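Here are my notes on this one, as numbered points. Have a look at the model first, then read on.

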Amino acid sequence: MDMSQYRELFLSETREHISNLNKLVVILEQEPDNRETIDALFREAHSIKGMAATMGYDRTAQLSHHLEDLLDGFRSTGEVPVPAIDYLLAGIDLLDGLLDDLQSNRPERAIDVFLREPLPVASVGEGVALEQSLAAADENDEGTAKGPGLASAQPAPAAEINEPAPAEDTDFFQVLVDLAEDTPASAARCILILRELEKAGDLISSKPELATLRGGAPCTRLQVWLRTSLAKGHIKEALLRVSSVASVRFIDDRRKRSERRGSDEGARTVRVRTDLLDQFVNLTGELLTRRNMLNRATLTRDWNGLNQALVQTGRLIDDLHHHVLQARLMPLENIAGRLPRIVRDLSRKTGKKVTLRLLGTDVGIDRMILEELTDPLVHLVRNAVDHGIEHEGTVTVSARREKGLILIEVADDGKGMDSAHLRRKAVERGLMTPAHADTLSDRDALMLVCLPGFSTAAEITDTSGRGVGMDVVKAAVGNLSGTLEIISTPDRGTRFQMRLPLSIAIIRILLISCGGRTLAIPLSRVLRTLDLTTGEIDNSGKQSAFRLDEESIPLYPLAEALGLTAGTAGETTWVVLTEIKGRRIGLRVDRFIGQREAFVKALGFPLNLLTGLSGATIEGDGQVVFIVDPQALFENLQLSTKP
Amino acid sequence: MALRVMVVDDALFMRNMLKDIFVRAGYEVVAEAENGETALELYHKSQPDLVTMDIVMPRKSGIEALQEIMTDDPEACVVMVSALGQDSLVLEAVEAGAKDFIVKPFKEDKVLEIVRRITGQH
């Protein structure tokens, strides 16, 4: 039987089970004798085992079986020894890793080192009870080896693995080798590269495969999965010595989840309630009926009938659209499920006592938005634990619908943020002049934390991590056409509020005329619009500018940036105020046309290669209107930082 | 000790060019052959550290010579010299055990790069 058709479902379901396992273990840690939790954990592990075994994913099945056995033991004693919590969590992490392997079509990683680890036993007394219960459990289960002691009873399944354990420090990653243009005999060259890599370690697989290369298929990029104990620098050096090798890159096993999802289109599945599917069928039927009505009305020139059919069709389309969006919704729970574990690990590490409250995790959010939101949400929660809470407190993550938006809030009840301190810091970092900092409202001062370069290495703690800063969070929210707001009250705490659209396919746009064309800018990118008289614009310097709220704001002609010819300047200059990298800039356009909702279509090749265009929408008259992304268009500009 | 090289090519021009490159790099050219048959004979006689082998030659082709050398001496260091558009022959040679290949027209530094890489002389 071909099992591959069930792969996606297996992956998504197992991820859910893993998320549940994490959550349950954290609960268990707080209530070690909670019988229901132990039962629930056992069932989760049991489900994974069954599915993995059916799919033929041996190691995943073996590991979940191992965890299931362990949990079954706890079930009989009714209690979980303290060291077992970390052991369980390590096992869950390993399961998660195995799933990463399966999702990326890699061989499952080795698990025997984990299986060989001695099982955690709290005290001698408990250990004996546990051992007996495990032995009792084993009798009903042929799959587990029996043994006299606890430590020797469990590792036995490892013996089934006929593969040697990997060396302590082996690493597993992907090597990407690009060949120079016009490489002669590229297939032969790739074979030589594979040979070179074979010297470095175990070659797991390659793309193209060796057989394809032997067939002489030309190849300019070689992707190789390698397990090795050699340093990457060493491998890179060796490869670069091979003739025609243009570049060598390494892609780590631990890529960001969003990237992995992005690259693995096939893994995008969503579960849809069957009643929703029934609705689709009904609506499609209704639409067909309306089409017939339209046909008849057109033939008989029955204008009333035509009008009626059009109105009804419009209503049905709205209805259909609503339901399609529904089908894309996933509960916040899908990503919030990871948070209890993260907060638990953080509390331990920092020695703070932090309680996590999750509210409204059943609120549905567009799946695409949800995926992009994973990292920002985790970052905000880490931040709240790290910087918000001092010694003890509560972090609350909540979601709710607010008009046509979703509001997701991460709040702490710590000491709050000090806007005066933030102003001083921004000046110290050279991000703005003292005069400029003084003009900021308290609310804007809080947003300073979102400036790139605001946090410094000294503040990047192990917890909040490197790389992802508040600037990245803000950019991610902005990319989803959302907004980020920070509200802080001294001694009451700080709230980070993300407001996101229900769907990213439909956004509000500002229609403008520019260089003789109609263009659109997402409203989420527009701070405000202005009409300036000639006298208000300062053209004395190299860079045109105007003053707003005591700040000098550079003015750029949008047409020029897009390679269009700007219209002739009249009495009034129309300006769109936007923000690039935390700096406000003005974009000169010919005139404003209006605002409306637009269905955004992605640009196809080669239009998608153009910088600054994020998509297009189609006007009622069939005209294609490009949507300009000022961020992408201007982010490489050297923006003047002096007011 | 200087690297000992054997140059195999039916064209005197190519042999001389390669010889000059190797001599300038401080290597010792211990033998040269104008076809595969002579190449085999001289290989056994002079036991070079490295062979550059033209692919298309009269009497015995470079690939046949390579295969026989590899059978006798699996550790042999043979670099094929091919013309553009001989991809399938190059592939065949690599499969037969050639350590690398040079495509004509070549540049001196590229040739030396390849030789240094496969002989481990940096």
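1. Helix 5 of chain B (residues 108-119) has 12 residues, so at 1.5 Å a residue it should span 16 Å, and its end C-alpha atoms, 17 Å apart, agree with that. The expected span is 1.5 Å times one less than the number of residues. Helices (H or I, at least four residues) and strands (E, at least two) are DSSP runs numbered from the N terminus.

2. This is a predicted model: local features need pLDDT of at least 70, side-chain atom pairs count only at pLDDT 80 or more, and totals for chains, interfaces and linings use all residues. Residues are numbered from 1 along each chain as its sequence is written, with chains lettered from A and ligands numbered from 1 in the order written.

3. Which residues of helix 5 of chain B are buried? They are B:V111, B:I114, B:V115 and B:R117 (buried: 20 or more other C-beta atoms within 10 Å of the residue's own, C-beta atoms being placed from the backbone). They cover an arc of only 165° around the axis, which puts them on the same side of helix 5 of chain B; the arc is that of the directions from the helix axis to the C-beta atoms.

4. Just past helix 5 of chain B, B:G120 has a positive phi of about 70°.

5. On to the sheet: five strands of chain B form an open, parallel sheet in the order 2-1-3-4-5 (strands pair if DSSP finds at least two bridges between them). Strand 2 (28-33) and strand 5 of chain B are the edges, each pairing on one side only.

Note on methods. A residue is buried if 20 or more other C-beta atoms lie within 10 Å of its own, exposed if 12 or fewer, and partly exposed in between; C-beta atoms are placed from the backbone.
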